[in-house]
Amino acid sequence: MARFRHLISIDDLSKEDIIYILDRAEEYEEIARGKGMSRILEGKILANVFFEPSTRTRMSFEAAMKRLGGDVINMTAQEASSVAKGETLADTIKVIGKYADAIVLRHPLEGAARFAAEHSEVPIINAGDGAGQHPTQTLLDLYTIRKESSLEGLKIALMGDLKYSRTVHSLIKALTLFDAEIYLVSPPSLALPSDFLEGIDGRIYTAQLDEIIEEIDVLYVTRIQKERFPDEEEYRKVAGSYKVTADTLRRARDSLIVMHPLPRVDEIDVSVDATKHAKYFQQTFYGVPVRMAILSEVML
Amino acid sequence: MTEQLAVSKIKEGTVIDHINAGKALLVLKILGISAGSKERVLMAMNVPSRKMGRKDIVKVEGKFIGEEELNRIALIAPKATINLIKDYEIYKKFRVVLPETVEGVLTCPNRHCITNSREPIVRRFNVSMVDDSVVVKCHYCGRKITEVDKYIVST
């Protein structure tokens, strides 16, 4: 019996569900690297239904499915706009459910995945609904922390755009399940919305990076988007002061890891790539075993 | 002026009392009573009340409104009381209870929410009390609403 039929939001998962998925992902890691074979999803078809462009999430799901012996059909954003002209999402989901055993959905509107699940005969996996949820990103973030650092007694700083970043919002909720100590580092205009913390019970503090850099185990950096600022100069000023360089990490613990959901723009200088702290490319690889665990959970 | 003088008695139907002052029109909206409705409706606004200072009253003649529908009134008037009347006498009296979820009665302020698209969808909200105020949360996008009054739609 699967622990969940659809994966819509990280909020729908318990701590035990999350640990279960991370454990399963660990079992798949070697296969994800191309070492060893699995055919457990042979004969199954996954439909990637993308109403918005996203190369890497789509490719990561495709790789995960193929590593388990399954096949993939795709509807890209361009096809979505022409093929499904005038068709409701409810109908599109019902039709594609006749071709595939599960659907990965990315849609520009918030709540689209939950709505799709209500109309779908096959499992729906949310691959991002507007500014809403992106649970597989959160699970791969947690997996990266567990593999490269530790989820026990974790001290983590989240830096960058904490106001609009769905990645950060979902990650904060999940991290409180693990009783992590969370430091929020952001320009005032991109601080975490105060009502976000209502009902969230956790050790969450605002800080400056130089005050905590010696203490933390994980530095999670997110992109500061230009369009959030009234003018170019203001953006440059803020973005410049929230940039991580090899020098920023001079006082950090040896074991500190730096993460980023990618793509990065200027937030992490390339000088960091060569340090032992850089784990963001590893993080993106971990998306494959984590998605293998999710696919096998909903499709078997 | 007493309450009895403010609105005349009805022979049969539903009386909604102890509505927060100024909210009677919203109560009608929640109940789907509008200009085209056929019900005979009596309404009093800003009536003096011992318990509430001022209150509104709505009487709907000839119609026994269902409890589930009436409980939606708790979204804007959590202290409202209901009297069901037969032959000018109260035969059932109860207080509205805040429902755990409401469907169709509110609209989501998030313009990027799937409920504001042309999908075949019934808007659903989860309801809770936070510090004596009603807070609702969109079932689909998760947006919280504290000023519930602003987002009532006619059912």
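## The interface of chain A and chain B

The side chains of Glu118(A) and Arg124(B) meet in a salt bridge, with N to O at 3.9 Å; the term stands for a side-chain nitrogen of Lys or Arg within 4 Å of a carboxyl oxygen of Asp or Glu. Across the interface of chain A and chain B the rule finds one salt bridge, along with eight residue pairs in polar contact, both residues being at pLDDT 80 or more. A polar contact is a pair of N or O atoms within 3.5 Å, where within protein one must be able to donate a hydrogen and the other to accept it, and where residues adjacent in sequence count only if both atoms are side-chain atoms. On the side of chain A that touches chain B, helix H4 (89–96) and helix H5 (112–119) each supply at least two residues, and the largest share, five residues, comes from H5(A). By class, that side of chain A has five nonpolar, five polar and six charged residues, where Ala, Val, Leu, Ile, Met, Phe, Trp, Tyr, Cys and Pro count as nonpolar, Asp, Glu, Lys and Arg as charged, and the others, Gly among them, as polar.

The contact (heavy atoms within 4.5 Å) takes 16 residues from chain A and 14 residues from chain B. Chain A and chain B bury about 1,300 Å² between them, 50% of it on carbon and sulfur atoms; buried area is the accessible area, with a 1.4 Å probe, that two parts lose on being put together, summed over both. In chain A, Leu109(A), Glu110(A) and Phe115(A) lose the most area to chain B, together 43% of what that side buries.

## Basis of the values

This is a predicted model, in which local features need pLDDT of at least 70 and side-chain atom pairs count only at pLDDT 80 or more, while totals for chains, interfaces and linings use all residues. Residues are numbered from 1 along each chain as its sequence is written, chains are lettered from A and ligands numbered from 1 in the order in which they are written, and side-chain values use heavy atoms, with hydrogens and water left out.

## Helix H4 of chain A

The buried residues of H4(A) are Leu89(A), Ala90(A), Thr92(A), Ile93(A) and Ile96(A). They cover an arc of only 165° around the axis, which puts them on the same side of H4(A); the arc is that of the directions from the helix axis to the C-beta atoms. Buried means under 20% relative accessible area, exposed over 50%, and partly exposed in between, with a 1.4 Å probe and protein chains only. What covers these buried residues includes strand E1 (45–50), strand E2 (71–75), strand E3 (102–107), H5 and strand E4 (124–129) of chain A. Helices (H or I, at least four residues) and strands (E, at least two) are DSSP runs, numbered from the N terminus.

## Salt bridges within chain A

Over all chains, the count comes to 36 salt bridges. Glu148(A) forms one with Lys279(A), the closest N and O atoms being 3.4 Å apart. Because Glu148(A) lies in helix H6 (residues 135–148) and Lys279(A) in the loop between H10 and helix H11 (280–299) of chain A, the pair ties together parts that are 131 residues apart in sequence. Glu148(A) is partly exposed, at a relative accessible area of 23%.

Lys237(A) pairs with Glu234(A) in a salt bridge whose closest N and O atoms are 3.8 Å apart; these residues are three apart in helix H9 (residues 232–241) of chain A, and so are separated by about one helical turn. Lys237(A) counts as exposed at 58% relative accessibility, whereas Glu234(A) counts as partly exposed at 29%.

Thr81(B) is found in strand E4 of chain B and is buried, with a relative accessible area of 13%. A polar contact of 2.8 Å joins its side chain to that of His18(B). Ile85(B), also placed in strand E4 of chain B, is buried at 7%.

Most residues other than glycine have a negative phi, and most peptide bonds are trans. Tyr88(B), in the loop between strand E4 (81–86) and strand E5 (89–95) of chain B, has a positive phi near 65°. Phi of Asp131(B) is also positive, near 50°, and Asp131(B) is exposed, with a relative accessible area of 71%. In chain A, the peptide bond from Leu262(A) to Pro263(A) is cis, with omega near 0°.
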